[in-house]
Amino acid sequence: MTAIAPPTASTGAAATTATDQPMTHRQVMEALSGLLLGLFVAVLSSTVVSNALPRILTDLHGGQSAYTWVITATLLTLTASTPIWGKLSDLASKKLLLQIALVIYIASSALAGFSQNTGQLIACRALQGIGAGGVTALAQICLAAMVPPRERGRYSGYFGAVFALATIGGPLIGGVIVDTSWLGWRWCFYVGIPFALAAILVLQRTLKLPVVRRKVRIDYLGALVITGAVSLLMIWITLAGKNYAWLSWQTAAMVGGGLLLGALAVVVERRAAEPIIPPHLFRHRTVTLSALASVLVGIGMYGATTFLSQYFQLARDKSPTVAGLMTLPMILGLAVSSTVAGRLITKYGRWKAYLVAGTLLLAVGFALLGTARADTAYGLLSVYMAVTGIGLGLTMQNLVLAVQNTVPRAELGAASSVVTFFRTMGGAMGVSALGALMNNRVGHYLAENLAAAHVPASGGALGGGIPDLHKLPAPLVPLVTDAFGHGVGVVFLVAAPFALLAFVTVLFIRETVLRTAQD
């Protein structure tokens, strides 16, 4: 592998370890096995609870707001920590950082399993997001350090396949755990720990990357203001319309504060010696457009995986295990499309057509899912989910690949994490906003159903909680399932325009043939 270029005099002397020989395919695959194990763990941390959450929150007496925050707490810290992990990877050992991220995941998972209320669970999920952020960002960065962009396509296909496997396996594992009386939902958090331990051991033995040793200057102020800006805006989106009106002094304070912190972050990053998100990266047209597309894709991507489980359990009255099985068309579409596209990109060196097709299919898939109701035929839903999954598979990894092909190798970490940062930021804010929208729409449709059936509202009130359909009076069940089916459909319909905007954005990305060698 080509050695990392020595830093300039301004950064001080550097000592580089590792040979200049490129890794063989066998060596790459051995190291990749550890990276994929780590990625599996990171994705599993989100998906394993998706089908179990209704049961978990019923036991912990949580409502729809807690449902949303168990997801968004992880996305928030994942978003905030991603650029920090990425920047550190340009300054220190990527392998060590990845192993530290896995240790954080192990500790937070163990603590989450002991949660006694929703507050503790949300706090542990936030800590889990820090570890997951490191794993997802550093796995991509390590791959970029191992192989040149042209060869990266086929290996990126493995990332897409593992993402799909974890997305398939997570809900199924979580569903089986909560449906097994002698296990219980707490094992949803314990189950990933053995995989994380195995990943640490495999990486220690197989991952051999150059290490540039130089003085590390971490932009703590930049990390603080970026986290503050994202957090404030996301909290506003989550609470607005429920705890206070959209047009209120609270909205003015939070939005104004978020925008002010965002502007301050720009100033701080321009002055920082080692900025968390280097502003000069956005001089590259591809980086700027890919970041924007990532925000738009993230809004829909996390919404699809978050709210489909609620649809199948609460609109179609399926068990967590069956709900996981029913999402297979979307996940198989994602796995197949990402693997096939990766191999074709490696063969021909072209990638833009896959981004264009992927974002378009994503918009079409969300629009089709927007027509879903509680009684929609599963055959139609399977087609809609498959279209959505294919769109995601063609989009996610290739936005990262486009950016990695644009920037010099010394900035691979920061540039790669920028895409992940904006995707997860879009996802975090999207899940918050879409969750608030769904809560509002479900309440509206339920009230309509109760009025049409001449049932007093108090008789069917859910109290803002996640309903247990098996404990509701039989006449109320179809009213509740219809409300959830319609509410989830509205969520996907609202997500569709964001995917369409991502399609328009990638049209303006200028394609360059993938490099066949490292810089």
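The secondary structure of the protein comprises 18 helices and two strands, taken as DSSP runs (H or I of at least four residues for helices, E of at least two for strands) and numbered from the N terminus. The model is predicted, so that local features need pLDDT of at least 70 and side-chain atom pairs count only at pLDDT 80 or more, while totals for chains, interfaces and linings use all residues. Residues are numbered from 1 along each chain as its sequence is written, and side-chain values use heavy atoms, with hydrogens and water left out.

Of the 519 residues, 60% count as buried (under 20% relative accessible area; exposed is over 50% and partly exposed in between, with a 1.4 Å probe and protein chains only). The accessible surface comes to about 19800 Å², and carbon and sulfur atoms account for 69% of this area (Shrake-Rupley method, 1.4 Å probe; for residues, only the protein chains shown count as cover). Among contacts with a separation of 6 or more, 84% are between residues 24 or more positions apart, a contact being heavy atoms within 4.5 Å.

Cavities and pockets were located on a 1 Å grid over the protein atoms alone: in a cavity a 1.4 Å probe fits but cannot get out, whereas a pocket is an open set with protein on both sides within 12 Å along at least five of seven lines, and lining residues have an atom within 4 Å of a point. Grid points are joined across faces, edges and corners, and a volume is the space filled by probe spheres set on the points. Five cavities of 30 Å³ or more were counted. The largest cavity holds about 460 Å³. Its lining consists of 27 residues, and Val 43, Ser 46, Phe 163, Met 301 and Tyr 302 lie nearest its centre. Helix α1 gives the most to this lining, with six residues; other helices that each supply at least two include α3 (64-89), α11 (285-315) and α16.

At least two lining residues come from each of α9 (220-239), α10 (249-271) and α16 (412-452), and α10 gives the most, with seven.

On the surface, Val 336, Val 340, Leu 344 and Tyr 348 form a nonpolar patch with about 360 Å² of accessible area together. Patch members have over 30% relative accessible area and no salt bridge; nonpolar side chains (Val, Leu, Ile, Met, Phe, Trp, Tyr) are joined within 5 Å, like charges within 9 Å. A salt bridge is a side-chain nitrogen of Lys or Arg within 4 Å of a carboxyl oxygen of Asp or Glu. Val 340 belongs to helix α13 (residues 328-348) and is partly exposed, at a relative accessible area of 44%.
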